[in-house]
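Have the structure open and follow along.

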Amino acid sequence: MTEKALRLGTRRSKLAMAQSGQVADAVSQVTGRPVELVEITTYGDVSREHLAQIGGTGVFVAALREALARGEVDFAVHSLKDLPTAQPDELVLAAIPEREDPRDVIIARDALKLTDLPRGARIGTGSPRRMAQLNAYARAHGMDIETVPIRGNVDTRIGYVTKGDLDAVVLAAAGLNRIGRSDEVTDFLSVDTVLPAPGQGALAIECTADDADLVAALAGLDDPFTRAAVTAERSLLAALEAGCSAPVGALADLLDDGRSVKEMRLRGVVGTTDGSTLVQLSTTGPVPETHEAATALGRELATEMLAQGAAGLMGERAL
């Protein structure tokens, strides 16, 4: 007799379905059980408002978590950057698989790179974080750009460029890789130019804390280095008391000497959306061995950033 299928809760977007399908295959391999996708519509999917207006934090997550709590699905897959930093006691992040490319990318008309864009170029993004850093970069390099707020799925956003409404749009490399559209990228933005959102490129696999067998099985998909990195990034975000639509970028990466990983570097940035003011700092320490150590790394950097005026630069404060 075949075992009952595990029910995986996912958003309905093309990207969410693609990444959930990849996780479903991996979960089937580690559990030996079939996995079926259960499509769930979230408030963030149906609202046409800009994320900063509807709260940003958790708008893609709440409906999935409610389905978990009601027992309608066994586990859920989230883009980690959409998850609020506070974790409910009854749910557990059972696995954070190895991270995809965390960088932001540009898809521009005529295959242009960021530095090739003409004066007055209009760049679409729904992210205050991207706006702040792109505008700061433009100011520092004598470029004249206009950042234009947009919403919508990948097709809609790329459509603004192909239809000629915008010169370029900014998207996450990871999402395009997962739906097989990375060949449309015209420029990968260095993390020295634009730091990604905390957790960008990583997925979170969440289930109820009381399902010990499933928690243990899913743990086989966890990547400890990715978990340490995103824990530090999310700790920075939490300590800044910022929601996931605030203009905060963070990236923890591993520094190696060619033979072994020696240290973790955490970089953080917060800025005004017009790019006129940025607080950008980094810290380096031993690779965190525990959740507490990774959390402490993020908290320490946040404290330094707040001391340099970061609090005054965030339009949205978490309630």
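## Helix H1

Helix H1 covers residues 14-31, and at 1.5 Å a residue its 18 residues should span 26 Å; the end C-alpha atoms sit 25 Å apart, which agrees. Bear in mind that this is a predicted model.

Which residues of H1 are buried? They are Ala-16, Gln-19, Ser-20, Val-23, Ala-24 and Val-27. Look down the helix axis and the buried residues of H1 fall within an arc of 150 degrees, so they line one face of the helix. On the face turned away from that buried side you'll find the exposed residues Lys-14, Asp-25 and Gln-29.

As for what covers the buried residues of H1, the cover includes strands E1 (6-11), E2 (35-40), E3 (75-79) and E10 (203-208). Helices H6 (173-178) and H7 (212-218) are also part of that cover. Just after H1 comes Gly-32, with a positive phi of about 75 degrees.

## The loop between E5 and E6

Next stop: backbone angles. Asp-110 has a phi near 55 degrees, which is a positive value in a residue other than glycine. Asp-110 belongs to the loop between strand E5 (104-108) and strand E6 (121-124). With 62% relative accessibility, against a cut-off of over 50% for exposed, Asp-110 counts as exposed.

Ala-111 also has a positive phi near 55 degrees, and again this is a residue other than glycine. Ala-111 is placed in the loop between E5 and E6, and its relative accessible area of 57% makes Ala-111 exposed.

## Gln-133 in helix H4

Is Gln-133 buried or exposed? This residue of helix H4 (residues 128-140) has a relative accessibility of 4%, so Gln-133 counts as buried, the limit being under 20%. Leaving aside residues up to four places away in sequence, Gln-133 touches Thr-193, Val-194, Leu-195 and Val-269.

## The second largest pocket

Strand E4 (91-95), helix H8 (224-239) and helix H9 (291-307) each supply at least two residues of the lining. Sorted by class, the lining of the second largest pocket has seven nonpolar, six polar and three charged residues.

Terms used
Residues are numbered from 1 along each chain as its sequence is written. This is a predicted model: local features need pLDDT of at least 70, side-chain atom pairs count only at pLDDT 80 or more; totals for chains, interfaces and linings use all residues. Side-chain values use heavy atoms; hydrogens and water are left out. Helices (H or I, at least four residues) and strands (E, at least two) are DSSP runs, numbered from the N terminus. The expected span of a helix is 1.5 Å times one less than its number of residues. Buried means under 20% relative accessible area, exposed over 50%, partly exposed in between (1.4 Å probe, protein chains only). The arc is that of the directions from the helix axis to the C-beta atoms. Contact means heavy atoms within 4.5 Å. Ala, Val, Leu, Ile, Met, Phe, Trp, Tyr, Cys and Pro count as nonpolar, Asp, Glu, Lys and Arg as charged, and the others, Gly among them, as polar.
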